[in-house]
Amino acid sequence: MEVTSQPAPFEPRDFHSGLMSCCDDMGVCCCGLFCLPCLGCSIASEMNECCLCGLGMPIRSVYRTKYNIPGSMCNDWMVAYCCLGCAACQMKRDIKIRKSNGTLKP
């Protein structure tokens, strides 16, 4: 079989939910509130990264780049520094949505 075209990259779009939309998925919200390191490990494992990489600016930047989400490293740092729990919940919600619609890259 001959490959005649390459898959197109993801179109630029924002995260599927807002940074402060924690109530969109109460399970993720509770996990982020009561066990943030567990949520970080879950995010990292979904992205095939080391469990210690699950929170903060680096993993957020990698995720944004992978899915062509607009932003900057400076913005990622500010979000992770000021709202780490909300940022982790936002990423986890986005991962769940991408898994459900089949667009999550391994």
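In this predicted model, Gln90 is in contact with Phe15, Ser17, Gly18, Leu19 and Arg60, when residues up to four places away in sequence are not counted. Gln90 belongs to helix α5, which spans residues 84–100. The relative accessible area of Gln90 is 5%, and this residue is therefore buried, since the term applies to values under 20%.

One cavity of 30 Å³ or more is present in the structure, and the volume of the largest cavity is about 50 Å³. This largest cavity is lined by 10 residues, of which Leu55, Gly56, Ala87, Ala88 and Met91 are the closest to its centre. Two elements, α3 (57–66) and α5, each give two or more residues to the lining. The largest share, 4 residues, is supplied by α5.

Charged side chains were examined next. The structure contains 6 salt bridges. In one of them, the side chains of Glu46 and Lys99 meet with an N to O distance of 3.3 Å. Glu46 is located in helix α2 (residues 36–46) and Lys99 in helix α5, so this pair links parts that are 53 residues apart in sequence. The two partners are also described by their accessibility: Glu46 has a relative accessibility of 18% and therefore counts as buried, whereas Lys99, at 49%, counts as partly exposed. Both values fall close to a class boundary, because buried means under 20% and exposed means over 50%.

A further salt bridge joins Arg64 to Asp76, with the closest N and O atoms 2.9 Å apart. Arg64 lies in helix α3 and Asp76 in helix α4, so the pair ties together parts that are 12 residues apart in sequence. Arg64 and Asp76 are both buried.

Within helix α5, Arg98 and Asp94 are 4 residues apart, which is about one turn of the helix. These side chains form a salt bridge in which the closest N and O atoms are 2.9 Å apart, and both residues are buried. Shared partners additionally connect Glu46, Lys92 and Lys99 into one network of salt bridges.

The surface was considered last. Trp77, Met78 and Tyr81 make a nonpolar surface patch of about 370 Å². Of these residues, Tyr81 is placed in helix α4 (residues 73–82). Tyr81 has a relative accessible area of 62% and is therefore exposed, the limit for this class being over 50%. Tyr81 is thus exposed at 62%, while Gln90 is buried at 5%.

Notes: Residues numbered from 1 in each chain as written. Predicted model: local features only at pLDDT ≥ 70, side-chain atom pairs only at ≥ 80, totals over all residues. Heavy atoms only, no water. Buried < 20%, exposed > 50% of the residue type's maximum accessible area, 1.4 Å probe, protein only. Contact = heavy atoms within 4.5 Å. Patch = residues over 30% accessible without salt bridge, like charges linked within 9 Å, V, L, I, M, F, W, Y side chains within 5 Å. Areas by Shrake-Rupley, 256 points an atom, 1.4 Å probe, with all protein chains shown as cover. Salt bridge = Lys/Arg side-chain N within 4 Å of Asp/Glu carboxyl O. 1 Å grid on protein atoms, 1.4 Å probe; cavity = no way out; pocket = protein on both sides within 12 Å on 5 of 7 lines; lining within 4 Å. Points joined across faces, edges and corners; volume = space filled by probe spheres on them.
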